[in-house]
Each structure stands twice: as structure tokens, then as C-alpha cells.
Amino acid sequence: MNPLIALGAAGYAGLGIVSFLKPSVVPASTGLTAPNADSRTEIRAVYGGLPLGLAAALIANPNSATAVGIATAGMAAGRAASSAFEGRPSPNMAGFIALETAAAAALLIGARRSARTT
């Protein structure tokens, strides 16, 4: 597997594991809380299960890196576009935009390099 794709898989696996085991970390990163079982279950599903699924897809089929990279770029674009409604992103959100942009780039570059070698 291309190292950039492996890095993307590891990143999504890490996010999924942390979010699944410690769901309070996710809302705390934006100054919120998860006060009840339903909110923590939702976090485990969306921020735990979905990233773990993306990591598994990348491991099972590295050719999925293009689709996962595009989805990751979509998250970064959604956060960035939110500034049209909310104003300049906070440093925290700017950090998430940068991280998601870098992850998307790594996956897309890794997919392209992987395609060239096959």
C-alpha cells in the first residue's frame, strides 16, 4: 500500500478509535458537550464508526483512496464555505480545515501514485 494511503487510513482509524472510546473529546474540541447517552451514541456512530469504516475501506481496497480523498476534501470545503455564513473561521476550525485538506491531498496523491505503479 502506498505510504500516503496508509497514513490516511491510520489517521481515520485513530480518529475513529478515540471518538468511539472517548466521545466527549469530539464536542469538547469546539467548546460543546455530549450530556446524554443519545448524543454520545451519535458521536460514536458518526465520528467513531464512519472513520473506522473509511480506514477499513482504505486497507481492504487502497483503490478507494480517491473516493475517500474526495470525501475528505468535501469536509474541508464545507468547513471553509461555512465562513460565508459565520465569518472568519476560529483558529480551531482553521486547524481542522488545514488537517482535512492535508489528509485529502495525501489520499489523492497516494491514489495517483498507486495507480501509476499498477
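On a 1 Å grid over the protein atoms alone, a pocket is an open set of points where a 1.4 Å probe fits, with protein on both sides within 12 Å along at least five of seven lines; lining residues have an atom within 4 Å of a point. A volume is the space filled by probe spheres set on the points, which are joined across faces, edges and corners. By these terms, the largest pocket holds about 840 Å³ of space. The model is predicted, and local features need pLDDT of at least 70, side-chain atom pairs count only at pLDDT 80 or more, and totals for chains, interfaces and linings use all residues. Residues are numbered from 1 along each chain as its sequence is written, and side-chain values use heavy atoms, with hydrogens and water left out.

**Overall fold**
- The protein has six helices and zero strands; helices (H or I, at least four residues) and strands (E, at least two) are DSSP runs, numbered from the N terminus.
- Along the sequence, the pattern reads α-α-α-α-α-α.
- The C-alpha trace spans about 50 × 30 × 15 Å along its principal axes.

**The largest pocket**
- Of the 32 residues lining the largest pocket, Leu15, Tyr47, Arg79, Phe96 and Glu100 are the closest to its centre.
- At least two lining residues are supplied by each of helix 1 (3-21), helix 2 (25-28), helix 3 (37-60), helix 4 (65-81) and helix 6 (91-117).
- Helix 1 gives the largest share of this lining, nine residues.
- The lining has 23 nonpolar, seven polar and two charged residues; Ala, Val, Leu, Ile, Met, Phe, Trp, Tyr, Cys and Pro count as nonpolar, Asp, Glu, Lys and Arg as charged, and the others, Gly among them, as polar.

**Helix 1 with helix 3**
- The axes of helix 1 and helix 3 lie 7 Å apart, at an angle of about 155°; axes are lines fitted to C-alpha atoms, for helices over the stretch in contact, and angles run from 0 to 180 degrees between N-to-C directions.
- Helix 1 is therefore roughly antiparallel to helix 3, a term for angles over 145 degrees.
- Their crossing is left-handed, meaning that the near helix is turned anticlockwise from the far one by less than a right angle.
- Residues in contact (heavy atoms within 4.5 Å) include Tyr12 and Leu15 of helix 1 and Tyr47 and Pro51 of helix 3.
- This contact has 16 nonpolar, four polar and one charged residues.

**Helix 4 with helix 6**
- The axes of helix 4 and helix 6 come within 8 Å and cross at roughly 160°.
- That angle makes helix 4 roughly antiparallel to helix 6.
- Helix 4 passes helix 6 in a left-handed crossing.
- Among the residues that meet are Arg79 of helix 4 and Phe96 and Glu100 of helix 6.
- By class, this contact has 15 nonpolar, four polar and two charged residues.

**Helix 1 with helix 6**
- Helix 1 and helix 6 pack at an angle of about 145°, with axes 7 Å apart.
- The crossing of helix 1 and helix 6 is left-handed.
- Leu4, Ile5, Gly8 and Tyr12 in helix 1 meet residues of helix 6 including Leu107 and Arg113.

Definitions and conventions
Parallel < 35°, antiparallel > 145°, perpendicular 65-115°, else oblique.
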